[in-house]
Amino acid sequence: MTRRKIRQGLKADVKWRVYHGEPVPEALMRALYEAAVTTRAASGGRLKHSPEAYLKDRRLLIERGRAALGVLDHGAFTGYLLALVSEELAFYFDGAWSGTPSDFGNHLLHYRMMCFLRELGCPRYVVGTVVPDIMSRSEKVSNMARFKHGLGADLVPVYMLTLARESRVGRVVARVRRSPLGPVVGRLRRLAGP
């Protein structure tokens, strides 16, 4: 399916451009930020970064050659892909889209970025962590895993071990978080703010 979508995209009338080690228009970074806000909202989340993270920090990464920003336009769809770049490895860092969803846009966006990175001499591209959840009950999670696996990512278990001292208060707080009151306490904490 992935190859079919990429072939479909290669036949379509698309505009592709990539920014790497060159000035990036502020309007483009603002459009990326607005698309990121919309994309996170469409998936049921929210963007936690400030506009400055995009307009200043990520822009500097691109201009200094530490990241590459690919932009793909097809009809009413605009897709953005930001990858961190080094000599040995590129890593998918952020992505967003605006307009009408495209049947092949995201597949072609990653494919074009892989081709660009190969031209740079970067031999590896990581599409982010792919948890082995193709069979997940969550359609969102299984679709994301299927998409990344289709691009060639390996589905491997992810393990995280955190060693930390736990105080009595910490144990009580952890017990409350696991209890039926946990979501209520979390909402109250978010409402109270920092």
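This is a predicted model: local features need pLDDT of at least 70, side-chain atom pairs count only at pLDDT 80 or more; totals for chains, interfaces and linings use all residues.

Modeller: Residues are numbered from 1 along each chain as its sequence is written, and side-chain values use heavy atoms, with hydrogens and water left out.

Colleague: How many helices and strands does the chain have?

Modeller: Helices (H or I, at least four residues) and strands (E, at least two) are DSSP runs, numbered from the N terminus. Here there are 7 helices and 5 strands, and along the sequence they follow the pattern α-β-α-α-β-β-β-α-β-α-α-α.

Colleague: In what order do the strands form the sheet?

Modeller: Two strands pair if DSSP finds at least two bridges between them. In this chain the order is E1-E2-E3-E4-E5, in an open sheet with mixed pairing. Strands E1 (15–19) and E5 (125–126) are the edges, each pairing on one side only. Strand E2 (residues 67–74) is antiparallel to strand E3 (residues 77–85), over 8 bridges; Leu72 stands opposite Gly79 in E3.

Colleague: Which strands does helix H2 touch?

Modeller: A contact means heavy atoms within 4.5 Å. Helix H2 (residues 26–42) packs on the sheet and touches E1, E2, E3 and strand E4 (90–98). The direction of H2 makes about 80° with that of E4; axes are lines fitted to C-alpha atoms, for helices over the stretch in contact, and angles run from 0 to 180 degrees between N-to-C directions.

Colleague: Which residues form an aromatic pair?

Modeller: Rings of Phe, Tyr and Trp (its six-membered ring) pair if their centres lie within 6.5 Å; planes under 30 degrees apart count as stacked, over 60 as edge-to-face and the rest as tilted. The count by this rule is 1 aromatic pair. Tyr33 and Tyr54 form an edge-to-face pair, 5.4 Å centre to centre with 65° between the planes. Tyr33 lies in helix H2 and Tyr54 in helix H3 (residues 51–63), so the pair ties together parts 21 residues apart in sequence.

Colleague: Is Tyr54 buried or exposed?

Modeller: Buried means under 20% relative accessible area, exposed over 50%, partly exposed in between (1.4 Å probe, protein chains only). Tyr54 is buried, at 0%, and Tyr33 also counts as buried, at 17% relative accessibility. Of the 194 residues in the chain, 32% are buried.
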